[in-house]
Amino acid sequence: MKGKLLVFILSCLICAALSEILLRHLGWFSSYGERNKIYGYVSPYDSNGEKWYHVYPPHILIENSYPLKESFMTNNEGCRDIDFVKDTTRKRIFMIGDSFTEGIGASNDSTISQQLNNLFKKAGYTDVDIWNGGISGSDPVFEYRFYKDKLLTYHPNALILVVNTSDSGD
């Protein structure tokens with residue numbers, strides 16, 4: 001009886017390992033960043049002092065193919081927007097959040113921050129800039145750290161944290 005149980009357990013472990021290898025090879029359960037070859041898993045234990053949250057490199061072309069094809073250039077802080085500048089003559093509002101805020105699947109003129117920029121300008125507020133600080137795959141803790149580490153130096157007048165239902169699980 002013990003021998004049959006051992007063979008059964010060993011068979012289950014081998015099947016699980018082979019299934020994992022097959023699923024990883026086929027990419028069926030890849031994350032958004034892995035599918036688009038933007039980033040992969042980085043252990044916080046292997047970071048060598050680097051930030052443990054994901055930020056795109058500055059001034060690179062991001063070409064996404066899943067779920068929709070779109071591309072954009074990152075700015076000086078690795079965000080999907082124009083370069084952030086320290087300008088005290090204009091009002092600055094940062095929007096931070098995940099892929100919804102970043103605008104995955106939307107053209108550059110259709111992101112939430114750009115739509116809000118258009119509404120402000122239409123209402124006559126031409127001295128206001130709404131900057132997109134959304135990073136795909138982030139959660140509220142990552143967004144806070146990104147804001148504290150990078151965006152706070154621009155002295156924003158306001159901050160909009162965009163959350164959605166996926167953030168409650170994060």
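The legends below describe close-up views of a predicted model.

Residues are numbered from 1 along each chain as its sequence is written, and side-chain values use heavy atoms, without hydrogens or water. As the model is predicted, local features need pLDDT of at least 70 and side-chain atom pairs count only at pLDDT 80 or more, while totals for chains, interfaces and linings use all residues.

**View 1. Overall secondary structure of the protein.** The protein has six helices and five strands; helices (H or I, at least four residues) and strands (E, at least two) are DSSP runs, numbered from the N terminus. The order of the elements from the N terminus is α-α-β-β-β-α-α-β-α-β-α. Of the 170 residues, 31% count as buried. Here buried means under 20% relative accessible area, exposed means over 50%, and partly exposed lies in between (1.4 Å probe, protein chains only).

**View 2. The three-stranded sheet.** The strand order in this open sheet is β4-β3-β5, and the pairing is parallel; two strands pair if DSSP finds at least two bridges between them. Strands β4 and β5 are the edge strands, each pairing on one side only. Neighbouring strands are turned against each other by 20 degrees on average, direction ignored. The axes behind this angle are lines fitted to C-alpha atoms, for helices over the stretch in contact, and angles run from 0 to 180 degrees between N-to-C directions. Strand β3 (residues 91–96) is joined to β4 by five bridges. K91 has V128 in β4 as its bridge partner, and F94 has W131 in β4.

**View 3. Burial of strand β4.** Five of the five residues of β4 are buried, so the strand is largely enclosed by the rest of the structure. V128, I130 and N132 lie on one side, D129 and W131 on the other, and both faces are covered.

**View 4. The aromatic pair W131 and Y154.** A pair of aromatic rings is described by the distance of the centres and the angle of the planes. The structure holds eight aromatic pairs. The ring centres of W131 and Y154 are 6.1 Å apart and the planes stand at 85 degrees, so this pair is edge-to-face. W131 belongs to strand β4 (residues 128–132) and Y154 to the loop between α5 (140–149) and β5 (158–161), so that the pair links parts of the chain 23 residues apart. Rings of Phe, Tyr and Trp (its six-membered ring) pair if their centres lie within 6.5 Å; planes under 30 degrees apart count as stacked, over 60 as edge-to-face and the rest as tilted. Both W131 and Y154 are buried. Ring pairs also tie F84, F94, W131 and Y154 into a cluster.

**View 5. Strands β1 and β2.** The two strands pair in the antiparallel sense over four bridges. E63 has S71 in β2 as its bridge partner. In a regular strand the side chains alternate between the two faces of the sheet.

View 6. β2 (70–73) and α4 (112–122) are the elements that give two or more residues to the lining. By class, the lining has three nonpolar, four polar and two charged residues. Ala, Val, Leu, Ile, Met, Phe, Trp, Tyr, Cys and Pro count as nonpolar, Asp, Glu, Lys and Arg as charged, and the others, Gly among them, as polar. On a 1 Å grid over the protein atoms alone, a pocket is an open set of points with protein on both sides within 12 Å along at least five of seven lines, a cavity is a set where a 1.4 Å probe fits but cannot get out, and lining residues have an atom within 4 Å of a point. Grid points are joined across faces, edges and corners, and a volume is the space filled by probe spheres set on the points.

**View 7. The largest cavity.** One cavity of 30 Å³ or more is found in the whole structure. The largest cavity has a volume of about 50 Å³. Of its 10 lining residues, I135, S138, F142, E143 and F146 are the closest to the centre. The lining divides into five nonpolar, four polar and one charged.

**View 8. Two histidines with positive phi.** H59 is not a glycine but has a positive phi of about 55 degrees. H59 sits in the loop between α2 (32–35) and β1 (61–64) and is partly exposed, with a relative accessible area of 46%. Phi of H155 is also positive, near 50 degrees. H155 lies in the loop between α5 and β5 and is exposed, at a relative accessible area of 57%.
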